[in-house]
Amino acid sequence: MAGVPAARAFTREALVDWGVRERAYDIVLCVSELATNALMHGVPPGRGFLLRLSYVDGVRVEVHDSGDGVPHADAREPGEGGRGLLLVSELADKWGVGERDPGKLVWCEFADR
């Protein structure tokens, strides 16, 4: 999953540029989870995802992919995997899923405190 380390590095650089220190670890962790989910469940083999970051009164993370379905956070999923969105829901102030043609975008927000 070559795209995940690049997504984390890009996010770290953006946060430094914006002067965001508080919650930086949580933001990078959520980017990692959303990017991993996009690669594992949201794109056909050989395709990538789009990461968008923005900063207005906080950080907004968007991961766009071309996959179908609506992801959800579920603590009852068995095994080691399947808890990425549960983690995002605990760390981020808000998260959700939006439509895209094709596919979807999964977003999360971290308000300035």
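## Contacts around one cysteine

Two residues are said to be in contact when heavy atoms of one lie within 4.5 Å of heavy atoms of the other. In this predicted model, and leaving aside neighbours within four places in sequence, Cys108 is in contact with Cys30, Leu34, Val59, Arg60, Val61, Val88, Ala92, Lys94 and Trp95. Cys108 is also buried, with a relative accessible area of 0%. Several names in that contact list, among them Cys30, Val61 and Trp95, will return in the sections below.

## The overall plan

The protein contains three helices and four strands, and, read along the sequence, these elements follow the pattern α-α-β-β-α-β-β. Of the 113 residues in the protein, 37% are buried. Among contacts between residues at least 6 apart in sequence, 57% join residues that are at least 24 apart.

How are the four strands arranged? They form an open sheet in the order β1-β2-β4-β3, and the pairing is antiparallel. The edge strands are β1 and β3, each of which pairs on one side only, and the twist from one strand to the next averages 20 degrees. Against this sheet packs helix α2, which touches β1, β2 and β4, and the direction of α2 makes about 10 degrees with that of β2.

Strand β4 can be followed through its two partners. With β2 it pairs in the antiparallel sense over eight bridges; within that pairing, the bridge partner of Gly58 is Ala111 in β4, and the bridge partner of Arg60 is Glu109 in β4. With β3, which spans residues 94–99, β4 pairs in the antiparallel sense over six bridges; here Trp95 stands opposite Cys108, and Val97 stands opposite Val106. Strands β3 and β4 form a hairpin with four residues between them, and in the turn Gly103 has a positive phi of about 95 degrees. Strand β4 is mostly covered, since six of its eight residues are buried.

In soluble globular proteins, nonpolar side chains tend to be buried together. In this model the largest nonpolar core has 24 residues, and those with the most contacts inside it are Leu15, Ile27, Leu34, Leu51, Val61, Val88 and Cys108. At least two residues of this core come from each of α1 (3–18), α2 (24–42), β1 (50–55), β2 (58–65), α3 (84–91) and β4 (104–111). Helix α2 gives the most to this core, with eight residues.

Val61, one of the residues with the most contacts inside the core, lies in strand β2. At 0% relative accessibility, Val61 counts as buried, because the cut-off for that word is under 20%. Not counting residues up to four places away in sequence, Val61 touches Ile27, Val31, Leu34, Leu51, Arg52, Leu53, Val106, Trp107 and Cys108.

## The buried side of helix α3

Which residues of α3 are buried? Gly84, Leu85 and Val88 are buried in this helix. These residues cover an arc of only 90 degrees around the axis, so they lie on the same side of α3. What covers the buried residues of α3 includes α2, β3 and β4.

Cys30 is accordingly in no disulfide, and a search of the whole structure finds zero disulfides.

Is Cys30 buried or exposed? With a relative accessibility of 0%, Cys30 counts as buried, and Cys108 is likewise buried, with a relative accessible area of 0%.

Terms used:
Residues are numbered from 1 along each chain as its sequence is written. This is a predicted model: local features need pLDDT of at least 70, side-chain atom pairs count only at pLDDT 80 or more; totals for chains, interfaces and linings use all residues. Side-chain values use heavy atoms; hydrogens and water are left out. A nonpolar core is a set of buried Ala, Val, Leu, Ile, Met, Phe, Trp, Tyr and Cys residues joined through side-chain atoms within 4.5 Å. Buried means under 20% relative accessible area, exposed over 50%, partly exposed in between (1.4 Å probe, protein chains only). Two strands pair if DSSP finds at least two bridges between them. The arc is that of the directions from the helix axis to the C-beta atoms. Axes are lines fitted to C-alpha atoms, for helices over the stretch in contact, and angles run from 0 to 180 degrees between N-to-C directions. A disulfide is a pair of cysteine sulfur atoms within 2.5 Å.
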